[in-house]
Amino acid sequence: MSNPSHWSAPRLSMRWWPVFQRNLLVWKKLALPSLVGNIAEPLMWLVAFGYGMGALVGQVSLSTPQGQQAVPYILFLASGSICMSAMNAASFEALYSAFSRMHVQKTWDGIMNAPVRLDDVVLAEMLWAAFKALFTVLAILGVMLALGISHSPKLLLVLPVLLVAGITFSCIALVFNALAQGYDFFTYYFTLFLTPMMFLSGVFFPREQLPGLVRAVSQWLPLTNAVALVRPLFMDQWPDQPLVHLAVLAVYAVGAFWVALALTRKRFAK
């Protein structure tokens, strides 16, 4: 039975910062290969589907506060795929890398020999995964600007929005990290959660094409709300109901972080 103390409020301090710095120093040695690995796949999606399928599709009709609007498919895909990239980058870091440090390398155990709480270590891992996601999407956004997909001044706001999205997905991933006994466990997370969400959140095609019930469920997915915030910025428009979308991401982040922390405390109490 779970100890009630595992679910107590997070006890956080600024001691997460040295843990974050430690991850940064290690990553700097492999920054270039890591960056190439993180941006290669989304750019292949963008080129293959954006320019390949985009030549067949042409434009996509979107519902906006100003009414129906036709946008080039490459812009539609770019604004969705950059959100997907933030999701994947944060998830990979908070799953595979965090699990290696927690379980395989026992780095967390070594850190906690210093006066650092487990709560601060989990917070540092969450923020580090969000930073990795932000760094990845910054590089991808630079390529998109070079390709001339969008030059909207509002694109400056894409970065803080995707930082919030990175925090949300890293918190969710840390829940599965706390439950995993091996790397194979993460296959369930990607297959049963992330992959369906990619296709239901309006990344590749408008959600209006989905059946009514599926569309109603998909509107509460975190990736859907990230796309709803980012896509209008690519179109040089302001998002509709931005506070609602940010609130959904915040609820996911806070709830998932609390669960992840409780499960991690339970794991380390054994």
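Colleague: What share of the 270 residues in the protein is buried?
Modeller: Buried residues (under 20% relative accessible area with a 1.4 Å probe, protein chains only) make up 49% of the 270. This is a predicted model, where local features need pLDDT of at least 70 and side-chain atom pairs count only at pLDDT 80 or more, while totals for chains, interfaces and linings use all residues. Residues are numbered from 1 along each chain as its sequence is written, and side-chain values use heavy atoms, leaving out hydrogens and water.

Colleague: Which residues touch the most other members of the largest nonpolar core?
Modeller: Ile82, Leu162 and Phe234 do, in a core of 84 residues (buried Ala, Val, Leu, Ile, Met, Phe, Trp, Tyr and Cys joined through side-chain atoms within 4.5 Å). Helix H3, which covers residues 73–104, supplies the largest share of this core, with 18 residues.

Colleague: And what is Leu162 in contact with, leaving aside neighbours within four places in sequence?
Modeller: Leu162 then has contacts (heavy atoms within 4.5 Å) with Ile82, Cys83, Ala86, Val137 and Val230. Across the protein, of the contacts between residues at least 6 apart in sequence, 76% join residues at least 24 apart.

Colleague: Switching topic, how many helices and strands are there?
Modeller: The protein has ten helices and two strands, taken as DSSP runs (H or I of at least four residues, E of at least two) and numbered from the N terminus.

Colleague: What about overall dimensions?
Modeller: Along the principal axes, the C-alpha atoms fill a box of roughly 60 × 40 × 30 Å.

How values were computed: Buried < 20%, exposed > 50% of the residue type's maximum accessible area, 1.4 Å probe, protein only.
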